[in-house]
Each structure stands twice: as structure tokens, then as C-alpha cells.
Amino acid sequence: MVKPTKVTNSIRALRFAHGEMKQAELADRVGVTRQTIIAIEQGRYSPSLEMAFRIARVFNVPLDDVFQYPDTDA
Amino acid sequence: MSSEEKRSWVYLVVGVGVAAVYLVTVLSKLPGADVTRIAYVRPMLVAIGAGIGLGIVASIAAAIASPRGEAGRTDERDRQIHRRGEYVGFYVMSVAATVPLALAMAEAAHFWIANALYLAFVLAMVASSTTKIVSYRRGF
């Protein structure tokens, strides 16, 4: 299946690096549903810039450490 | 499954189910009958009322069955998907509504006009709910 967004992310790795944080806890701290966190992790949803910043703030890292955008169209 | 996705499923299943029962009930009277004499008004009003009532009851039941803290919670993704679904539903309704309009201009029997309009509502609801469900499952 072709993923609807080219944006990739490291949320799963960051969650594990932060005490194996549960998706539900991250969702609570960002203020979204757990299903939205799952959709973002799986590349099925590209969050708004504001939500992206809120996620980065939870992990206390810059935005680039959470979300990546490939240079090529491939 | 988020509460909004559950709600989309509820509306799709209830809407299609009620419409199917209505169509079978009314269409079974159609062969060889004079459409001006078919009593469709009461079944249609019951179908519309049942669709709304069952939709509300099933949504509440789905919310009660949801994990603690997840019932009724929505976010920007839910709102975007809702808008997308309503947008598609509006276009389907706009196109489908041309049929009862044409029937009215052709002075067709009220039976056909009312049923074409009811079908337009059902099609719009199916398109809207399906768009939302596909958006939830495949992403967008």
C-alpha cells in the first residue's frame, strides 16, 4: 500500500528511549486520541505543524529529531 | 478504533440497514401496483425516524463500550476526516438531488419524487461515512 504521506518519524524509537512511554500516555500529553498517535507512527497521517511541535516538546527534542522529510521524490 | 470512527461505522450500518428494510417493504408492493395508491409515507417516516433514533442509541452504546477515557475524545485528525466526509457527501447529495428535481419537473408521481429524494439522502450518507472510514483506515 502506498503511504499517504512522505513524512517519516521516529516517534516509536523516542517513546522507547523515554522509558517505554505508552502510546496512550503520549496521546494524553499531546492532547490527541491514541488512534492519531498510531496513525502518525504508521505514516498514515501527517500531523499539523502545531501538533508536531507538541510531540517534539514531550520528548524535549528539536522537530527534526521527530519528523523527517526525504530529499528525493523516490 | 476512535470514537468518531465507531460513529461513522454506526451511521453506515444503521443507515444502510434501515434503508434496505424500507426498500424491501415498499418495493415488494410495487409489481403491478398503481404507485399513487402505495402507502409509502408512513414507512418512509418510520425509516427516517428509526435511522436517527438507532444511530443515536448505537452511538451511545459504542461510547459506553469504549475504553475508559477514550469515549467522545476527538482531535484535529477527527475534525479533518469529518470535514472530508461531509464534503464528499455534499457533492453526492447535490448530484443525486437532480433526479427528484427532474422527476418533479416532469410531473412524476409523488411516490417517485419522495423515494428518489430518500435515496439521495441514503447515497450521500453512504458516501460520507465510507469516505470517513477509508480515511481512518488508509490515512490521507
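Colleague: What elements does chain B have, and in which order do they run?
Modeller: This is a predicted model. In it, chain B has zero strands and five helices, and its C-alpha trace spans about 55 × 25 × 20 Å along the principal axes. From the N terminus on, the order is α-α-α-α-α.

Colleague: Which three residues supply more of the area that chain B buries against chain A than any other three?
Modeller: The area buried between chain B and chain A is about 1300 Å². Of the part that chain B buries, 41% comes from one set of three residues. They are R73(B), E76(B) and R77(B).

Colleague: How many salt bridges and how many polar contact pairs are there between chain B and chain A?
Modeller: A salt bridge needs a side-chain nitrogen of Lys or Arg within 4 Å of a carboxyl oxygen of Asp or Glu. Between chain B and chain A that count is zero, although the rule finds six salt bridges over all chains. For polar contact across the interface, with both residues at pLDDT 80 or more, the number of residue pairs is seven.

Colleague: Are α4(B) and α5(B) roughly parallel or roughly antiparallel?
Modeller: Helix α4 (residues 98–105) of chain B and α5(B) have axes that come within 8 Å and cross at roughly 170°. Angles over 145 degrees count as roughly antiparallel. The two helices α4(B) and α5(B) are therefore roughly antiparallel.

Colleague: Which residues make the contact of α4(B) with α5(B), and how do they divide by class?
Modeller: From α4(B) come V99(B), P100(B), L103(B) and A104(B). From α5(B) come W112(B), I113(B), A116(B) and L117(B). By class there are no charged residues, no polar residues and eight nonpolar residues.

Colleague: In chain A, how are α2(A) and α3(A) set relative to each other?
Modeller: Helix α2 (residues 23–30) and helix α3 (residues 34–41) of chain A pack with their axes 8 Å apart, at an angle of about 105°. The contact is made by Q23(A), A24(A), L26(A) and A27(A) on one side and R34(A), I37(A), I38(A) and E41(A) on the other. Angles of 65 to 115 degrees count as roughly perpendicular, so α2(A) and α3(A) are roughly perpendicular.

Colleague: Which residue pairs with E41(A) in a salt bridge?
Modeller: Side chains of opposite charge can pair when their charged atoms come close. Here the N to O distance is 2.6 Å. The partners are 26 residues apart, with E41(A) in helix α3 of chain A and the other in helix α1 (residues 11–17) of chain A. That other residue is R15(A).

Colleague: Which residue has its side chain joined to that of Q23(A) by a polar contact?
Modeller: Q23(A) lies in helix α2 of chain A. Not counting residues up to four places away in sequence, Q23(A) touches R15(A), R34(A), I37(A), I38(A) and E41(A). The polar contact is 3.3 Å, and the partner of Q23(A) is E41(A).

Methods:
Residues numbered from 1 in each chain as written. Chains lettered and ligands numbered in written order. Predicted model: local features only at pLDDT ≥ 70, side-chain atom pairs only at ≥ 80, totals over all residues. Heavy atoms only, no water. Buried area = accessible area lost by both parts, 1.4 Å probe. Polar contact = N/O pair within 3.5 Å; in protein donor to acceptor, adjacent residues only side chain to side chain. Axes fitted to C-alpha atoms, helices over the stretch in contact; angles between N-to-C directions. Helix = DSSP H or I, 4+ residues; strand = E, 2+ residues; numbered from the N terminus. Parallel < 35°, antiparallel > 145°, perpendicular 65-115°, else oblique. Contact = heavy atoms within 4.5 Å. Nonpolar A, V, L, I, M, F, W, Y, C, P; charged D, E, K, R; others polar.
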